[in-house]
Amino acid sequence: MAVSQSANVLEKAMGHVEGGVTEQNMTNPDRDRQQYGDPSGERMKALVWNGKNSVEVVETHKPKIIEERDVILKVTGSTICGSDLHLYHGAVIQLQKGDILGHEFCGKVDSVGPGVKNLKPGDRVVASFQIACGECMYCQKKLSSQCERTNTNKVENIMYGGRTAGMFGYSHFTGGFAGGQAEYARVPYGDVNLLPLPDDVPDEKGLYLSDVLSTSWNCVVDTGVKEGDVVAIWGAGPIGQMCAEMSFIRGAKRVIIIDGGPAAWRLDLVKSKTPKVETLNYTDLPRGETVTSKLKEMEHGGPDVALECAAGEYAKGIGHKIELALGLETDTSEIINEMITSVKSYGRCGITGVYVGFTNHFNIGGLMERGIRLIGNGQAPVHLYWKDLLKMIQDGSLDSSIMLSHRVNMDEMDTLYQKFDARADNLQKVFVQTRFSDPPAPGTPALTSWK
């Protein structure tokens, strides 16, 4: 918390990078009702961050159109992501109390600004989790997650040597945009950042084009999974699960997925949905055996490809736990080191789990001496993939419903965060409904309530 507050103060003192083209640092319409709240006075439910490990569903004002290419969306579906837990834990800097969270959502167009010509009220759409201008160098290449013009945060620019695009509901570090875990959302450059959903794709499938499907596909493609590869995946959450499925689509010979501890149940879930997957529970390994030694036993020389689908904030060893607690590092290197030592020489390691800053004890020697390719997959460029992935959903070659485990109401999202963080109730991927949602699509989970 202290680091996040210091970063907010630093950003305010330094000012922003020049070149921004859309209103930023507007994470809740109630921060300035006159400027950002709809003149009708209509209110909505939204999930806000109140501090470390504290979120709450509150009533706030419906946002209004403030720029000519804005779209106001009636949110019909959102979800929770492992990335949201990094915010929940306060691991991502520059959060402020009252920020509306949520970067994955779909809905129906409520109203459009005068510059939006390709959408109209009532259209069903899914939002890209990143906000792209559609015009800069990166956007012209469909590398939408690296848009140069929608995030002017100077702290991120200094830390990373450049900036990502603005992102919905993901702190002021990524521009400060109100998220979609709400009943309404303002979508800047809505003509670029919303993809129409056809009638044969229900919200329970189309929603996940927003992030998880594009992120998983990017992880697999960017790391170069190809015909005949043996792939090991760290993390059996929704991203890891879909990476396993997509690795097989790309021609992988074997896929081994690794998890354990309170989340070990996810291994059985993934196996039940994709029987070809092999599983490795690291908590069941006997003394003296490691993930690396077990993988080399399962496959001569180790896997060809390792995919990191967990994240850097979850330390296993006492040393990294102490360094994280003292602020001596922001991310543990343990999983990355396991990947480096596990793959074949000249193997490929892709990082898709969130790493926000700096790590210690990184095995750079193993990387260099054995010719390991370490690839930061980056925030997935959704615009590069989402149209093709939509076609795959339509033709049946990709089934996003295999990860969908629960449906909950918007007003129970605070409880959902607690349970998802605890890896409780076999929560894998959730569909969060609002008062604007359609009835559940056939074959999708019934409503769960904890009241």
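**Close-up views of a strand hairpin and salt bridges**

**View 1. The hairpin of strands S1 and S2.** In this predicted model, S1 and S2 make a hairpin with 2 residues between them, and Asn53 in the turn has a positive phi of about 60 degrees. Strand S1 covers residues 43-51 and strand S2 residues 54-61; the two run antiparallel and are joined by 8 bridges. One of the residue pairs is Ala46 with Val58, its bridge partner in S2. Strands (E, at least two residues) and helices (H or I, at least four) are DSSP runs, numbered from the N terminus, and two strands pair if DSSP finds at least two bridges between them.

**View 2. The salt bridge between Glu204 and Arg407.** The closest N and O atoms of Glu204 and Arg407 are 2.8 Å apart, and the two residues form a salt bridge (a side-chain nitrogen of Lys or Arg within 4 Å of a carboxyl oxygen of Asp or Glu). This pair links distant parts of the chain, 203 residues apart: Glu204 belongs to helix H7 (residues 203-206) and Arg407 to strand S16 (residues 404-409). Glu204 and Arg407 are both buried (under 20% relative accessible area; exposed means over 50% and partly exposed in between, with a 1.4 Å probe and protein chains only).

**View 3. The salt bridge between Arg149 and Glu135.** A salt bridge joins the side chains of Arg149 and Glu135 at 2.8 Å, N to O. Arg149 is in the loop between helix H4 (137-140) and helix H5 (154-160), while Glu135 is in the loop between strand S6 (130-131) and H4, 14 residues apart. Arg149 counts as partly exposed because its relative accessibility is 24%. Glu135, with a relative accessible area of 40%, is also partly exposed.

**View 4. The salt bridge between Lys451 and Asp411.** The side chains of Lys451 and Asp411 meet in a salt bridge of 3.4 Å, N to O. Lys451 lies in the segment after strand S17 (429-433), and Asp411 lies in the loop between S16 and helix H16 (413-421), 40 residues apart. Lys451 is exposed because its relative accessible area is 76%, whereas Asp411 counts as partly exposed at 28% relative accessibility.

**View 5. A network of salt bridges.** Salt bridges link Glu42, Lys62, Asp110, Glu183 and Arg435 in a network. The count of salt bridges comes to 29.

**Notes.** Residues are numbered from 1 along each chain as its sequence is written, and side-chain values use heavy atoms, with hydrogens and water left out. Local features need pLDDT of at least 70 and side-chain atom pairs count only at pLDDT 80 or more, whereas totals for chains, interfaces and linings use all residues.
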